[in-house]
Structure formats: structure tokens, C-alpha cells
Amino acid sequence: MENKSRLTFAKIAERFSYGCGDFGCNIIYTAMSAFLMLYYTDYAGVSSLAVGTIMMVSRVFDGVSDIVMGVIVDRTKSKYGKARPWLLRMCIPFAVSGVLLFSVPVSWAQTPKLVYVFITYNLVSSVIYTAINVPYSALNALMTQDPYERSVLSIFRNLLATAGTLTINTCTLPLVEYFGDNPSAWTKTFCVLGLLAVIAFLINFFGTKERVKAAGTQADGTADVPFGTGIRALFQNKYWMMMTGMLALFFLMYSVNGGATVYFAKDILGDRDLVSTINGIFNIVQIAGMFFIAMLVKKYGKRNVFAIGLVLDMVGMMVLNFSGGSMGLIVVSSIIRGIGNSCGGATMWAMVSDTIDYGEWKTGVRTEGLVNSACSFGYKIGNGIGSALLGLILELGGYVGEAAVQSASAIASIRVCFVWIPMAVYAAGLIIMKFYHLDQEFDGIISDLTKRAGKIK
């Protein structure tokens with residue numbers, strides 16, 4: 001009984017440690033999605049259209065760096081494994097780059113400011129974030145091949161990611177106000193939050209272990225695959241293409257909707273502080289929902305749980321759109337959306353990891369780093385387009401950062417970003433899920449891979 005208790009504790013501790021990686025990632029990612037545009041327009045005095053364009057163009061560099069990092073992870077040879085060493089190497093640069101992102105020299109002229117934005121945004125997104133997020137994303141598939149355990153790891157990942165999002169959404173503006181509610185206050189705020197991210201990544205590194213090897217692993221513990229072969233294998237993997245398309249759409253939506261939340265609260269609901277209410281209840285419910293998702297996944301499968309979440313997201317968004325500022329309806333909406341997002345967040349990354357095994361089974365090629373970096377490329381493209389769309393739509397709507405009251409067209413542009421683009425993405429997700437059948441096929445695939453590995457040995 002004592003040994004069983006120790007084993008259970010060790011497993012829970014490793015799951016928690018794994019989730020801490022996404023807590024750390026979300027310190028910067030959520031800040032970029034929810035507050036970076038506000039910081040640029042209302043504190044640093046930079047044009048939203050110019051910033052949106054920079055963000056979209058930067059995705060070209062970002063895509064290249066993702067693929068490069070994926071290849072690096074697949075070829076990393078270390079006593080710590082393929083992915084974990086990068087968590088240790090990049091955690092401090094990650095925190096420093098986040099501070100630089102929110103340190104635009106406000107006294108500079110517009111052009112030098114834009115140069116600074118371009119350099120620091122690319123440093124964070126194209127270099128530092130990629131170098132820590134791609135290995136972290138590959139870690140799930142390297143820890144286990146058990147589909148249920150992957151789902152549980154993804155639940156812990158989403159639990160801690162949501163905790164990171166909740167931390168940013170509830171603490172950022174109060175910290176900014178505490179430090180003086182001026183441009184330098186944002187720099188001080190991210191010094192604090194950056195330290196928190198470093199601690200999270202250290203827990204992630206020391207608390208996890210890589211166990212999975214490819215069926216064709218060589219004696220030195222690696223299975224190097226030529227880059228061209230890996231790329232060709234990706235495009236023979238129909239489920240990887242579905243999930244990459246899904247991720248691109250979702251991160252486009254997260255970028256547009258997340259960035260528009262503060263505008264929706266401030267200019268439509270009439271109170272900027274409602275951001276904390278909307279996101280706080282949403283994230284708390286999402287965390288609570290995670291504790292029940294494993295049972296649903298075991299009974300209905302990852303794909304079906306994901307689809308249920310999409311439907312709930314759509315219902316919750318409609319309730320919020322027509323709430324008219326009613327606090328009761330805002331709370332109801334956040335609860336429905338929180339449950340919906342817990343379904344999606346708990347299953348999405350496990351589904352990506354499952355495509356790695358499908359790809360190895362179909363093509364004989366296993367590349368955790370390349371699969372996840374190519375997924376990362378897809379969702380960062382979506383994120384970049386979303387950032388550009390947010391800036392473009394606000395600009396076309398005539399949004400003015402310093403205005404006390406926004407025009408009718410500006411209000412309409414905020415609704416498009418906050419409500420209607422997410423609704424379109426949820427609907428597209430349901431269509432994609434109609435063609436996803438890997439849950440039913442997975443046990444047979446793993447059985448076949450196990451037989452191949454036995455023959456090689």
C-alpha cells in the first residue's frame with residue numbers, strides 16, 4: 001500500500017511538473033495576446049495598424065525558426081533527453097525577453113519606436129519563445145505512449161496554462177496600477193512575472209522524464225531523420241494536417257478575441273476592470289472543469305469531448321454578446337465558456353501527440369520535434385494573422401485609443417473581433433472534427449508499433 005501511494009504521488013508530481021511548463025509559457029503568451037496591443041496603443045503611443053503589420057510580417061521569421069528548432073530538438077543528444085535540456089537553457093532568456101517586450105522607450109519618435117517593437121517582438125516570438133515552447137510541446141509524446149496518460153498530462157498542461165492565464169489576466173492591470181499606471185509600470189510588472197516564469201520552467205525541467213524511443217532507435221538513443229524525409233512524412237499524415245489547421249484557426253481566434261477583451265469590457269460593457277471578472281470566472285471554471293474531463297475522455301474519446309467544448313463555447317459567446325452589461329449574464333457566459341474551453345484545452349495537445357504515433361505507423365518516421373514545430377508554425381501563423389486582423393479591424397473601424405467615447409463603427413469593429421470571428425472558428429472546428437477518427441484507430445496503431453519495435457530488438 002505504501003509503495004502504491006508513493007507511485008501515485010510520483011505520477012501526480014510529474015504531471016504537475018509537466019503542466020508548469022505551460023504555466024511559464026503563458027506568462028508571456030497571454031500577455032502578448034491580451035495586453036500587448038493595449039500597451040502599444042495606450043501607453044507606448046504606437047499605431048495599432050503598424051504594430052499589427054509588424055506582428056503579421058514577423059510570422060515569416062517565426063515559421064522558419066519553428067522548423068529549425070524542431071530539427072534541433074530531434075537531433076539533441078543529452079543525458080536529459082531531447083526536449084528537457086532546452087527548458088533549462090532558455091528559461092532565463094525567456095523572462096528577460098518578456099521584460100524587453102514591455103519596455104518601449106516612449107520618448108522616442110514613431111519610427112525608432114517601431115524599430116524597437118520589431119526587434120523585441122521578433123526576439124520574443126521568433127527566437128526565445130520558439131526555443132522553449134517547441135521542446136515543451138514535444139515533451140508529452142516523449143514522456144509516454146499511453147493515450148489516457150497523454151490526456152491526463154494534457155489536462156494538467158491546460159490546468160497550469162489556465163492558471164498562468166488567470167495570473168496574467170487578474171494580476172497584470174492591478175500590478176501596473178500599483179507600480180504607477182505608466183509605461184515604466186509595465187516594465188516593473190514583467191520583471192515580477194518573468195521571475196515567476198523562471199521558477200515554473202525549473203519545476204518543469206527537474207520534475208519530468210523522457211521515456212519514449214522511436215521503433216527504429218539507434219544504439220546511441222536517437223533516430224535522426226533527414227529533414228526532407230521528415231517534411232514529406234508530415235504531409236502524408238492526414239490527422240496532423242487536421243490538427244495543425246485546427247490550431248492555426250484557434251490561435252488566430254485567441255489572438256483576436258484575447259486582444260479585443262479589454263476593448264470589449266472598456267468600450268461596450270463600460271468598465272475596463274470587467275476584464276478580470278470575465279476572464280477570472282472563465283479561467284476558474286475552466287480549472288474546475290479539468291478535474292472531470294479525464295472521465296469524459298475515457299468514456300467518449302478526445303475528439304467527441306473536443307466537439308462538445310466547441311458547442312458550449314458558441315453558446316457562451318452568444319450569451320455574453322447579448323448580455324447588455326448584465327453582471328448575471330456575464331457570469332453565466334463565463335461559466336459556459338469555461339466548461340467549453342476545459343474540454344478543448346484538455347484534449348487538443350493530446351490529439352497532436354497522437355498524430356506523432358499515427359505518422360510513425362503510416363510512414364516509419366518519428367519526429368516529435370518536427371511535428372510539434374510544424375504545428376507551432378501553423379498556430380503562430382494563425383496568431384500573427386489574428387494580431388494583424390485585430391489591428392486592421394480596429395483601424396478600419398476608427399478606434400482611437402485616447403477617445404473617451406468610441407464611434408459606432410469602432411464599437412462594431414470590437415464586436416467583430418471579440419464575438420463573430422471566434423464564432424466562425426468554432427463552426428470550422430466542428431466541421432474538421434467530423435473527419436477525425438484517430439481515437440478509434442489508436443489502439444491498433446500502438447499495438448502494431450510495439451510489434452515492430454520488438455522485431456528490431
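In this predicted model, Arg157 forms a salt bridge with Asp22, the closest N and O atoms being 3.0 Å apart. The pair links distant parts of the chain, since Arg157 belongs to helix 6 (residues 147-178) and Asp22 to helix 1 (residues 2-34), 135 residues apart. Arg157 is buried, with a relative accessible area of 3%, and Asp22 is buried as well, at 7%. The count of salt bridges in the structure comes to 12.

**Other salt bridges**

- Lys302 pairs with Asp354 in a salt bridge whose closest N and O atoms are 3.0 Å apart; Lys302 lies in helix 11 (residues 302-321) and Asp354 in helix 12 (residues 327-363), so this pair ties together parts that are 52 residues apart in sequence.
- Lys302 is buried, with a relative accessible area of 6%, and Asp354, at 1% relative accessibility, also counts as buried.
- Asp357 forms a salt bridge with Arg366, where the closest N and O atoms are 2.7 Å apart, and both Asp357 and Arg366 are buried.
- Salt bridges that share partners join Asp74, Lys82, Arg150, Lys302, Asp354, Asp357, Glu360, Arg366 and Glu368 into one network.

**Helix 2**

- Seven of the eight residues of helix 2 (residues 36-43) are buried, so this helix is largely enclosed by the rest of the structure.
- The buried residues of helix 2 are Leu36, Met37, Leu38, Tyr39, Tyr40, Thr41 and Tyr43.
- Helix 2 is followed by Gly45, a residue whose phi is positive, near 70°.

**Nonpolar surface patch**

- A nonpolar patch on the surface is formed by Val57, Val60, Phe61, Val115, Phe118 and Ile119, which together have about 530 Å² of accessible area.
- Helix 3 (48-75) and helix 5 (110-143) each supply at least two residues of this nonpolar patch.
- Phe61, one of the patch residues, has its place in helix 3 and is partly exposed, with a relative accessible area of 45%.

**Cysteines**

- The structure holds zero disulfides, and for Cys171 the closest cysteine sulfur, in Cys191, is 16 Å from its own sulfur, which is too far for a bond, given that a disulfide requires a pair of cysteine sulfur atoms within 2.5 Å.
- Cys171 is partly exposed, with a relative accessible area of 31%, and Cys191 is likewise partly exposed, with a relative accessible area of 45%.

Notes
Residues are numbered from 1 along each chain as its sequence is written. This is a predicted model: local features need pLDDT of at least 70, side-chain atom pairs count only at pLDDT 80 or more; totals for chains, interfaces and linings use all residues. Side-chain values use heavy atoms; hydrogens and water are left out. Buried means under 20% relative accessible area, exposed over 50%, partly exposed in between (1.4 Å probe, protein chains only). Helices (H or I, at least four residues) and strands (E, at least two) are DSSP runs, numbered from the N terminus. Patches are made of residues with over 30% relative accessible area and no salt bridge: like charges are joined within 9 Å, nonpolar side chains (Val, Leu, Ile, Met, Phe, Trp, Tyr) within 5 Å. Accessible areas come from the Shrake-Rupley method with a 1.4 Å probe; for residues, only the protein chains shown count as cover. A salt bridge is a side-chain nitrogen of Lys or Arg within 4 Å of a carboxyl oxygen of Asp or Glu.
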